[in-house]
Amino acid sequence: MIVRFKMIAAACLVSVFAFLIVFGNLETAFADELKLKGKAAVLIDAHTGEVLYEKNADKRYRPASMTKMMTAILVVENLKCDDVVTVSKYVTTIDGSALGLKKGEKMLVEDLLNVMMIYSANDCAVALAEAVSGSVEEFAELMNKRAEELGCTGTHFANPNGLDDDNHYSTAEDMAIIARKAMEYDTIREIVRRTTYQTHETNKREVLTVGSTDRLLFDTYSWINVNGKSCHPYYKYAVGIKTGYTDLAGGCMAADAVRGDEEYISIVMKSTAFDRFADSIELLEYGFDNYKTVEAVTEGHTETVRVRSGKKGEITAAAAADVKAAVSEESSGDEITTEVNIERIKAPVKEGDIVGSITVYKDGEQIGSTDLAACESVSLSIPKLLLGSIYTYTAVFFIIFLIVVLNYKKSRRHRRRRR
């Protein structure tokens, strides 16, 4: 009986010890997990678009005013900053955050775009939509078309400002794609890092100054909780991009942060008014703490390119831009590989002509590329062209001659069998 009790006790001790080991490992495994309040989130490398962290990234939620990133893209692609927009009566009826535009007011696209992105004015978004497409409905169609072109698969827009609509939704993953595209435009990039903006005088109002809704850019007096630590919403690496909030959407946030060569974009959806800032900081810090940026291709890197029928047989071509990639802090960069693709080049060639590309891979997956542009011009060499033509005609003649001879021999054998 005593022996059996000892065996049972030993087994229990072993089980408890094993449980503690497993539990301890689980605690260690989840120690680095992010404690986000938002229902969905994603972190991407701004250089390549590679997803570095995700939480329900493909689940559909209301994007609220993050919608205005797509509106800004279409405005930059279709209008000029010094274009003048005349405000319609419909614009004056728009709900929510608004500048209070007046019917017949003439306002610069530059002012409307700044106020829309900085102050999140819904009426400015509609005024811009009408300027681009004539109506909100037609602009929404353009938004959906552009989203599809960018590779968004879980997004449908019904308006340019993000006001709640059952047919207006997106995903954290798609919002990251749109945010990254928006930040490719210098105009948008410059706007979203501003904390205030002063409009020009119009026919209906004097100069007006508006402030940013993005607390990551300025707020050093409020308090939020980031991963158990109290801090201000101000985040020194933040350079934008767009807040969003409605009662149904909750707190949304698209944030971009830059530190040296590193740049990350985070998206938070269905959080709270203040937790969206905490979630964004936590995501961006995760990027800076766990990844580093390596330069896979340097702008100006040269490759040798052969040129047919040119006065020069070879030229140099240079990479048009840097290609950077995020790798783990412990990485030696071995997972990054490149592939040079040279087109079949024939003279004449002009300096600046695209003659190939360099593709960058990470663990075998393509993450970026850049063009190869000719560094010099090469004119056509008539003698080489003629010589090349002679070689070509000779080769063609020889192939035809060979086919004729083979067919003749085949025909003779066939006749002999018939005899």
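**Around S133**

Guide: Setting aside neighbours within four places in sequence, S133 is in contact with E138, F139 and L142, where contact means heavy atoms within 4.5 Å. This is a predicted model, where local features need pLDDT of at least 70, side-chain atom pairs count only at pLDDT 80 or more, and totals for chains, interfaces and linings use all residues. Residues are numbered from 1 along each chain as its sequence is written, and side-chain values use heavy atoms, with hydrogens and water left out.

Visitor: OK, which helix is S133 found in?

Guide: Helix α4, residues 122-133. Helices here are DSSP runs of H or I with at least four residues, strands are runs of E with at least two, and both are numbered from the N terminus.

Visitor: And is S133 buried or exposed?

Guide: Buried, with a relative accessible area of 18%. Buried means under 20% relative accessible area, exposed over 50%, and partly exposed in between, using a 1.4 Å probe and protein chains only.

Visitor: Switching topic: where does I345 lie?

Guide: In strand β17, residues 345-346. I345 is buried too, at 9% relative accessible area.

Visitor: What is I345 in contact with, beyond neighbours within four places in sequence?

Guide: V305, R306, V307, R308 and V355. V307 is 38 residues away along the chain from I345, yet their C-alpha atoms are separated by 5.2 Å.

Visitor: Zooming out, how many helices and strands are in the protein chain?

Guide: Nine helices and 19 strands. The chain has 419 residues, and 43% of them count as buried.
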